[in-house]
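Please keep the sequence and model at hand while reading.

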Amino acid sequence: MGRPARPAGRLTLRLDAPVGTAVQLGTVAVPLAGSPVRGALPAALPPRPHGFVGRRRELAEITRAVRGPVRAVLLTGRPGAGTTALAVEAAHRLAPLFPDGVLAEDLRDRLPGPDAPAGRLLAGLGLPVPARAADARAALRAALAERRVLLLLDDVVDAGVVAGLLPARSGSFALLTAASPLALPAGAAVRVEVGDLEPDDARTLLGGPGPGVDELVAVCDGLPLALRIAAARLAAEPDLTPDRLAAALRDRHRTFAGLRIGDRTLRASFAAAYAHLGPTERRVLRTLGAMPLADVTPGTAAALAGVDAEYVAPALDVLAAAHLVDRRPGTSPRYALRESARRFAEEALRDTGGERTASAGRERVAHTYFRALDRARPTPGRAADHGWFAAEWDNLVVVAEDLERYDRTGLDQVADVLADRRALRAPWAHWYRVQAAALRCAEAEGPPERRAELQVRVAVAHHGRGRPDLALGALDGAEQRFLAAGDPVGAAGAVRARAEVHREIGDPGRAEQLYLRVIELLRTHRGAEAVETTAWALHGLGAVAGARGRTDRALHCGAGALERFRALDHGPGQAAVWQALGDARRDAGDADGAVEAYRRSCALFAEQDGPEPVAPRQGLGEALAAVGRTDAATVELGAALRAAVAAGDRTAWAKARRWLAFLGHQESNGCSVGSAAPSWPSSASMSSSTPNPVGPATVPSSGSGSALTAGPSRRRSSDTDDRRDAAR
């Protein structure tokens, strides 16, 4: 296809060319001395990028496209992703396939008209340039149809510039780069998304693995341009190390300032993409920098920008097409900023004097979340919208910590709506941060009782996160503050929380003393909250007694707790007590009684609209094994195994797996136990001694109905006064 290559180094003159066009040597167009040339000629192919690494997938896709029927490839990616460097590297690799030369053209800031790229490319080929742009395009198509030329057109903005540039059967080929996907006709170009660098390739750009290298890769957001600038700074400044540079760049006010060396800046890449946006898209992008939200819906973005949602939704799609935001997978549209884009948005907002705009946007977002929380929270007869909460926990933390700066009342509202962690299935870390923000405000300016209430919640969070030492510290003074405020029910809740921590850390004597104090504090109180707290204290006393081998006392305390939870119609409490009763009956040698108790516990937990609990299933499986019902035991232990994986409880998973192996199901990580009991998602092997199927078994505290981790958090006293006498 096309004419044969000209001998290298041979000068070819076009005698029929008009005066002032060009002569060409190889692939470099050289203007005649003293002769004006129509428009700027295309530059020769730029040098190969120094130290180019990675991009194996993208280069393979380009190579496949060259061999296919489509005669162009369009490369798009985030600002700083290295689309130009990739295109230049690909052009150098592909150049031997195009004997008639390679022409490169940077279209940034080029204007259409007589200086359009068709005319400049014709001049680069040493051909006459017609005065009319349409004639120049037709002449270029004809020239490319009979040649094998590789065109590199960088930073294409207007699809009309390249549409129809190459005839379908041409031997020529075009490499195009653009900040966003162009509106090209279907089949006009193969689209190649320039993604993130592989971690090993990113480390190679910085000289290989070493202290602080991974942190620097993360701060540079994995962008090749940022990494190259960082590498150049490390080379130019001998005293600068990757960890020190990463620490400096983590300051959000210094990220872009630090990613500059000479005239190379990451900011310039983002500024170029920003310049091509419309006014609404610019405003939406700037205001996304007002709050570090994990992601936004069109409604949230509209609140930040102060623009109607009907205009914001298409603007977000434009930003996603320009790779300035990422659209999350899923049915509901959600958009997220990468860290580099967030830094640019923050700077753009500051540069436009946007502090007032930012403050107003944050307040609108807070009110948006107040309304959303009211719709999503559980109410009598309506369960929580767990899907909404699962998508919004990261953002709820951001909103709460932002409210801490200017709206303590609003923060209290958020903290109280989120008080019942279990009902909302809140992750411990997120729940802790919300309650801790409210506690900091209460410590600065709040009534002592409010401070004490939040101390208990924060202690619950520390305990749930595996920090009993911090939990005990958080409770210091809480009981006294409640008593000083005339709230013995609150004081009992604080004491109960302390008792639970002592029980969990293996101090049963102190735990028993504290449980008894809870009961004493509430002896004359008959409100619902007092009854519930007493029930949890009795449950804890039963657990302590069982751990000490005092089975009769464990059963007696459990019966008292169960009676009170039934009076309150408190399903989670009943489920926890039945599990503890199963433990006590198993330890007393009453395997049949244990089976019945565990069954009741599992049934009650199933009614709570929560994740499958591990411990009662495990206990039921062990009890069934003890009475010789191996098949039924296998089913229950398989359920416990799956629940442990779902809960991320590796200890419980290993325990269930050992029991299944003991019962003869050596393939306990396959499909031989119920419906596909899974293996732990890790190759690490587990080793332990074979369990005694009829002896005591340790029940993980997270499943034993701990009053600290399982009991609902106490609401503010103003919300509970009307419930104090609701039940005995």
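**Cores and sheet of a predicted model**

The largest nonpolar core has 136 residues, and those with the most contacts inside it are Leu-216, Leu-285, Phe-389 and Leu-418. A nonpolar core is a set of buried Ala, Val, Leu, Ile, Met, Phe, Trp, Tyr and Cys residues joined through side-chain atoms within 4.5 Å; buried means under 20% relative accessible area, exposed over 50%, partly exposed in between (1.4 Å probe, protein chains only). This is a predicted model, in which local features need pLDDT of at least 70 and side-chain atom pairs count only at pLDDT 80 or more, while totals for chains, interfaces and linings use all residues. Residues are numbered from 1 along each chain as its sequence is written, and side-chain values use heavy atoms, with hydrogens and water left out.

- Beyond its neighbours within four places in sequence, Leu-418 is in contact (heavy atoms within 4.5 Å) with Leu-373, Phe-389, Trp-393, Leu-396, Leu-424, Trp-431, Val-434 and Gln-435.
- A second, separate core of 29 residues includes Ala-72, Ala-118, Val-129 and Leu-144.

**Sheet**
- Five strands form an open sheet in the order β5-β6-β7-β4-β8, with parallel pairing; strands pair if DSSP finds at least two bridges between them.
- β5 (102–106) and β8 (190–194) are at the edges with a single partner strand each, so one side of each has no neighbour in the sheet.
- Strands β4 (residues 72–77) and β7 (residues 173–178) pair in the parallel sense over five bridges, and Thr-76 stands opposite Ala-178 in β7.

**Ala-661**
- Ala-661 lies in helix α32 (residues 650–662); helices (H or I, at least four residues) and strands (E, at least two) are DSSP runs, numbered from the N terminus.
- Ala-661 counts as partly exposed, at 22% relative accessibility.
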